[in-house]
Amino acid sequence: VAREIARSIQLEISPETVGSLDNMPTHSVKAYDLYVKANSIDRSHPSTEFSYRQQRDLLEAAVAEDPDFVEAWGRLNFVLDEIARTILQLGWFGDTEAERDAIFAETRQAAQRALDRAVALDPANVETLLALATDFVAEQEDGEYRIDRRKYIDRALEIDPENAFSWYTLGWWYHIAGQSLSAREPFLKALELDPLHAHIVGGALIYFRNVGDQEMTTLLSERLIQIAPELGDEESLTKVTSYSRLNGIIWQLVQSADAAIMDSYVQAFAEEQENFVGNAGLDEHLWWYEAYLFQLQNDLDRLVDVAVGPLSDTPAHNEVMHFMHASSMVLSAQRIVGQTARAEDTARGILAASETLETDLPAFPPILIAHAMLGDDGKLREALQPILDNLADSAAAQSPWTYVSIAHLDPGRAVDLLLAQKAKHSDWLGPSVIALNHVTARHLLI
C-alpha cells in the first residue's frame, strides 16, 4: 500500500522509508527521488520544451547517482526520443535551423547511449522494452517505423499487463501501422488504467481527434484542461477537423462495408463545403474528399473533371500531399475512361508538385501512379525495390498501398503478397481499403 501511494501521489522518498518499499528499482534514495520527479512532470504537465528539458535534467542526474538504474536509463531514452521528434516535426528546441540541427545530432547520440545502457543492464525490463519499441534513432536510420517492434510491446504487457504506458504504446503501434481502428481499445485501456496521466491523455486525444471521434475528443480535452488548466485557451484541443471527421467516416466504411454510411459522408462533405466558402486556407482538403466521394460512388464522369489545385505560391506540406492524393484519383479515372493525354498531364502535375516537398518521397503512392502513367518502369523499380527487400518487417507490409504500387510492375506478385499478409493477419483491413479505392487500385483488382 505504501509503495502504491508513493507512486500515485509522487511523494518524495526519505532514506528511512526505502527499506519498507519492496522491489525498489535503485538503492539510491536520491536517484529514485529524481526519477519520481521526472515521471511526475510527465504525468501532470503538457508536453513542452520546458517540461522535456526538466525531465531530461532529472533523469540524467538520476543515472549519474546510480549508473545501474535501468528504469531511469530507459525513461531517459524515451524523453530524448520525444525531444528529437519535436525538433523534426514541430521545430522546437532552437531559434535557427543550424541550432536545431546541432541539438538534434547531440540528442540522437544521447538517446542511443541511454538505450544501449538500458539494454546492457536488463533487456527484459519493461522500461527497456518500451524504449526499444519507440526508439526514434532506429526509426530515422530505417527510414520508417518497423512492424517488428510489436514484439517488445507484447513482452512488456506479458510482464506487467497493468502498465498503462505499454497499452498506450500499443495504441500508437496500431495507429502508425495503418490499423487505426484497432488502436482504439489499447488507448481506452491505457486511459482506464491511468486516467489522469497528462502524456497519455494528451496522446490519446490526438488519436481520437485524428479519427474524427468528437465525443472522445471533447471528453479528453476537458480532462486534459483539468490536469493542465493553462491549456484552457487552446481551441484546437476540442475541435475535430474536417479531415478527421470525413476520415473517420471512411474508416467506418472500411470496417463495416455498410452502404448506409455513405449517406453520412455525403452529408458531412456538403457541410464542409459550406464551411470552406471563402476560407482559402482550407480549400486543399476539398480536393481529396470530393475526389474520394466520386470514387466511392463510382462516378467516373465527375471524377475526371475534379478541379484539383492550383497550389499556392508557397504550399504547405499538407496542401501538397492533398493535391497529389486527389490528382492520383483523377488520373486513375482519366486513364480508365481513355483520356490518356489528360492523364499524362495530371501525372506530370503530380511529379511537379512532389518537387516542392522538402522531404523526398520516392515511394509515395501518387508519385508511383504518375510514373506508371508515364511508362517510367525504371523509376517504379527504383522506388519499390527497398520496399520489397524489407517488406516482412516494415510498416509497408501493413499499408494497402504497398500492394497497389507493386501491382504497377507485377500484378501477380502483388496479389500473392497481399493474400499472404491477409492470411498472416486475419483482422487486417487492407483488402477492404483497396476495395473502397477501386478506381486507383483498378489494375490490382482486375
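**Exercise 1.** Which residues in H9 meet which residues in H10?

Solution. The model is a predicted one, and the helices concerned are H9 (150-159) and H10 (164-176). On the side of H9, the residues that take part are Arg 150, Ile 153, Ala 156 and Leu 157, and they meet Ser 166, Trp 167, Thr 169, Leu 170, Trp 173 and Tyr 174 in H10. By class, the contact of H9 with H10 has seven nonpolar residues, two polar and one charged. Turning to the geometry, the two axes come within 9 Å of each other and cross at roughly 155°. Because an angle over 145 degrees counts as roughly antiparallel, H9 is roughly antiparallel to H10. The crossing of H9 past H10 is left-handed.

**Exercise 2.** Describe how H5 packs with H6, giving the angle, the axis separation and the residues in contact.

Solution. For helix H5 (residues 70-90) and helix H6 (residues 97-121), the angle is about 155° and the axes lie 8 Å apart. That makes H5 roughly antiparallel to H6, and H5 passes H6 in a left-handed crossing. The next step is to list the contact, in which the H5 residues include Val 70, Trp 73, Leu 76, Leu 80 and Ile 87, while the H6 residues include Ile 103, Phe 104, Ala 111, Leu 115 and Leu 121.

**Exercise 3.** How many of the residues of helix H7 are buried, and which helices do the buried residues pack against?

Solution. Helix H7 spans residues 126-133, and eight of its eight residues are buried, so H7 is largely enclosed by the rest of the structure. Named individually, the buried residues are Val 126, Glu 127, Thr 128, Leu 129, Leu 130, Ala 131, Leu 132 and Ala 133. They pack against helix H3 (29-44), H5, H6, H9 and H10. Val 36 and Ala 62 are 26 residues apart in sequence, and their C-alpha atoms are 9.6 Å apart in space.

**Exercise 4.** Phe 93 and Asn 298 each have a positive phi; say where each is placed, and whether each counts as buried or partly exposed.

Solution. Take Phe 93, whose phi is about 60° although it is not a glycine. Phe 93 is found in the loop between H5 and H6, and at 3% relative accessibility it counts as buried. Now take Asn 298, which is likewise not a glycine and has a phi of about 55°. Asn 298 sits in the loop between helix H16 (283-296) and helix H17 (300-303), and at 45% relative accessibility Asn 298 counts as partly exposed.

Definitions and conventions
Residues are numbered from 1 along each chain as its sequence is written. This is a predicted model: local features need pLDDT of at least 70, side-chain atom pairs count only at pLDDT 80 or more; totals for chains, interfaces and linings use all residues. Side-chain values use heavy atoms; hydrogens and water are left out. Axes are lines fitted to C-alpha atoms, for helices over the stretch in contact, and angles run from 0 to 180 degrees between N-to-C directions. Helices (H or I, at least four residues) and strands (E, at least two) are DSSP runs, numbered from the N terminus. Angles under 35 degrees count as roughly parallel, over 145 as roughly antiparallel, 65 to 115 as roughly perpendicular and the rest as oblique. A crossing is left-handed if the near helix is turned anticlockwise from the far one by less than a right angle, and right-handed if clockwise. Contact means heavy atoms within 4.5 Å. Buried means under 20% relative accessible area, exposed over 50%, partly exposed in between (1.4 Å probe, protein chains only). Ala, Val, Leu, Ile, Met, Phe, Trp, Tyr, Cys and Pro count as nonpolar, Asp, Glu, Lys and Arg as charged, and the others, Gly among them, as polar.
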